[in-house]
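Trainee: I'm new to reading helices in a protein model. Could you walk me through one?

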Amino acid sequence: RRLGSGPGERPSPNFGEIFAAGPREILRTGSGFANLAAAAYLGQCNRIQDRNLLASVLAIHSVEGRQAAAVSRRAGEGAGVLPDGAFAEPLSMEQVRSRLERYGA
């Protein structure tokens with residue numbers, strides 16, 4: 001509430017295709033979501049003025065990055081799902097929304 005925004009539209013994702021493809025595709029998609037989440041949090045850092053909120057967002061970004069690495073490793077993924085290079089790359093809200101469209105989110 002203090003941030004001044006209410007809840008957005010409720011998404012209605014369809015993951016049936018992913019579940020039907022089996023465990024490997026589920027892990028691959030989960031890896032993609034975790035990497036997307038980490039990039040999304042990082043992409044908002046320059047907009048955050050409150051130091052406590054920024055610290056929380058960076059902590060969440062770190063957890064998302066660790067989760068992404070663990071799920072990607074479990075999925076056996078290489079190029080294409082994992083970020084390139086040693087440094088995390090932020091994504092804008094538009095980029096995140098664009099990547100989520102294929103899931104109906």
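Mentor: Buried means under 20% relative accessible area, exposed over 50%, and partly exposed in between (1.4 Å probe, protein chains only). This is a predicted model, where local features need pLDDT of at least 70 and side-chain atom pairs count only at pLDDT 80 or more, while totals for chains, interfaces and linings use all residues. Residues are numbered from 1 along each chain as its sequence is written, and side-chain values use heavy atoms, with hydrogens and water left out.

Trainee: How many helices and strands does the protein have?

Mentor: Helices (H or I, at least four residues) and strands (E, at least two) are DSSP runs, numbered from the N terminus. Here you get four helices and zero strands.

Trainee: What span does α2 reach from its first C-alpha to its last?

Mentor: The expected span is 1.5 Å times one less than the number of residues. Helix α2 (residues 23-44) has 22 residues and reaches 32 Å, close to the 32 Å expected.

Trainee: Which residues in α2 are buried?

Mentor: A helix has a repeat to keep in mind: with 3.6 residues a turn, residues three or four places apart point the same way. In α2 the buried ones include Ser31, Ala34, Asn35, Ala38 and Ala39. For contrast, Glu17 sits in helix α1 and is exposed, with a relative accessible area of 73%.

Trainee: At what angle do α2 and α3 cross?

Mentor: Axes are lines fitted to C-alpha atoms, for helices over the stretch in contact, and angles run from 0 to 180 degrees between N-to-C directions. The axes of α2 and α3 come within 8 Å and cross at roughly 155°. That makes the pair roughly antiparallel, a label for angles over 145 degrees. Their contact (heavy atoms within 4.5 Å) brings α2 residues such as Leu27, Ala34 and Tyr41 together with a set in α3 including Val57, Ile60 and Val71.

Trainee: Which residues make the contact of α2 with α4?

Mentor: Those two pack at an angle of about 160°, with axes 9 Å apart, so α2 is roughly antiparallel to α4 too. Phe33, Leu36, Ala40 and Gln44 of α2 meet Met93, Val96, Arg99 and Leu100 of α4. By class, that's six nonpolar, one polar and one charged. Ala, Val, Leu, Ile, Met, Phe, Trp, Tyr, Cys and Pro count as nonpolar, Asp, Glu, Lys and Arg as charged, and the others, Gly among them, as polar.

How values were computed
Angles under 35 degrees count as roughly parallel, over 145 as roughly antiparallel, 65 to 115 as roughly perpendicular and the rest as oblique.
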